[in-house]
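My notes follow in the order in which I checked things.

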Amino acid sequence: MDQAIATALAQLRPLSSAQLRGVVTALAATTPWLLSRVAQREDLDAELREHLLRQAPPYMAVRFLEQWPATTELVDAVRAAHGALPELVAYCGVQGWHDLAAALARDLEWRDVPRAASSWPETASGAMPTSVRIALIEAALTERDPLPTFASMTEWEKREVRERLESERTSRAEVAWSLLEQHEELWVPLAREAEHSTQIRRILLNVPTDLGDEVLLACLPEVLGDHLRGEKYMAEIRLRDAAAHVRRRPRLRELAAEEIKALVREVVADGWTVEGRYRKPDWGGIAALAELSDDGELLKAAVDAVQAAHPSDYDRRDRDRLVKWSQDRSSAVVALAANRHVPHAWLIDLLPGLDEHALRTLADAGHSELSLAAQEHLTRLRAENEAKLPKIVPVPDDDELAVLDDPVAELRAHLEHLRGRAAQRDATIDGLLRSRHTTLEILRALPAARVLNSAEQAGRVAGILAEVCGEQEELWRSLPAHFDPPPARNVTFGAFVDRLQV
């Protein structure tokens, strides 16, 4: 429709209700921005206004409401046509319809919650009511889309979907926390009784904020993993999660001492053992047990399991798996050593095989018998590791070369080390490039990239390039191309110079 005709229709008078209804329908389909002119007409009755709200784009609907006398029926019309809108929540706040605002807020998509929260102080008078704030928090945490069916997916697709869902849940939690952070009076009631109390507890336990005793007690069901009670394969997860929470919130050790003891008894009753599954100790579970328990019998069983453990043939065949096995074992021993109910005499026999980090941690823990023994093992381990390192043959410096009859012959002898290990090669190249006795013959044998980047040899390299290019303009013109990209690592400086002349 021509815009001039559409504009004329929007302003045409008089029109019957049926004609005006038709104009709204036509303009909505062709030139929706002209509906704002129709909204200003004085001949709109309630029925036509509702029709206009249904036909208008969502972003215009609330603007129209602001021009007309406020009625909840018009709000219902917008909601029926466009669903809950962030601006509609704030509009209801302006009118003082807080119950309706809360109902609309509860139906928002989680991505719209920040906009609704930020628009409230801009348009509504007074602070946001608690009912509206709680409704926005619930909207942020509500997952409205059905979970995908994983059965028909490939492993790559499953991983992608899981990562997307986890990212979305993290974003939801951040939105909810933005509404909760400055309102501590809501923490306890929401953690105890809200529709999304489990998610609220997780948010509170993960925020970098000191939590009061009442809040921690309200979050205790999440700390203890009550929802996993009775599940054999969840017992290990309960134990590890509880230990992580206690590590993050040490106050829980005193505040929930009896509950934590009960948790340990429950996970054992549910089937968890220090021996773990697949014929190897549950290293993470043992470390968690050491952080939570004062049960001497259980702790002794954990020490015995560590003592008896050996890497499987499968672990031995894979260096990375063997290193991880050793690290996990070391972490378990360190955790056991930190438990005051574990006598240090139980642990001394476990020191052989600990990694350097674990030995250093135990050695620095004090002046006990265990610490002294750990220091001895640490000293021996470092000596053994030092002995395993290949000896680096250094290139003599210029002062040492000056007293020799033939310094160049000495430097030339070091060229054979260019075929050695990486550390030896680097040391040899660095030493040869630093020396003023290095000849062109020696330079030609070194990697071109290293020679060209050497500040000590820059003057000599410049002279060589000038000599090679001479008065041949085409060689000078092509010279920059030989530097970008830089020569490959296996190209010697001699080969680089020879290519310049081709």
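I began with the second largest pocket, which holds about 390 Å³ of space. The model is a predicted one. I listed 14 residues that line this pocket, and Arg 253, Glu 291, Leu 292, Ser 293 and His 341 are the closest to its centre. I then looked up which elements supply at least two residues of this lining: they are α18 (257-269), α19 (283-292) and α22 (319-338). By class, I noted six nonpolar, three polar and five charged residues in the lining of the second largest pocket.

Next I turned to the largest pocket, where about 530 Å³ of space lies. I found 17 residues in its lining, and Glu 166, Arg 169, Thr 170, Ala 173 and Arg 202 lie nearest its centre. Two or more lining residues come from each of α11 (155-180) and α13 (197-206). Helix α11 gives the most, with seven residues. I noted seven charged, six nonpolar and four polar residues in the lining of the largest pocket.

Last, I checked helix α10, residues 130-141. Its 12 residues should span 16 Å at 1.5 Å a residue, and I read 17 Å between its end C-alpha atoms, so the two values agree. Is α10 mostly covered or mostly uncovered? I found it mostly covered, with nine of the 12 residues buried, that is, under 20% relative accessible area. The buried residues I wrote down for α10 are Val 132, Arg 133, Ala 135, Leu 136, Ile 137, Glu 138, Ala 139, Ala 140 and Leu 141.

Note on methods
Residues are numbered from 1 along each chain as its sequence is written. This is a predicted model: local features need pLDDT of at least 70, side-chain atom pairs count only at pLDDT 80 or more; totals for chains, interfaces and linings use all residues. Side-chain values use heavy atoms; hydrogens and water are left out. Helices (H or I, at least four residues) and strands (E, at least two) are DSSP runs, numbered from the N terminus. The expected span of a helix is 1.5 Å times one less than its number of residues. Buried means under 20% relative accessible area, exposed over 50%, partly exposed in between (1.4 Å probe, protein chains only). On a 1 Å grid over the protein atoms alone, a cavity is a set of points where a 1.4 Å probe fits but cannot get out, and a pocket is an open set with protein on both sides within 12 Å along at least five of seven lines; lining residues have an atom within 4 Å of a point. Grid points are joined across faces, edges and corners, and a volume is the space filled by probe spheres set on the points. Ala, Val, Leu, Ile, Met, Phe, Trp, Tyr, Cys and Pro count as nonpolar, Asp, Glu, Lys and Arg as charged, and the others, Gly among them, as polar.
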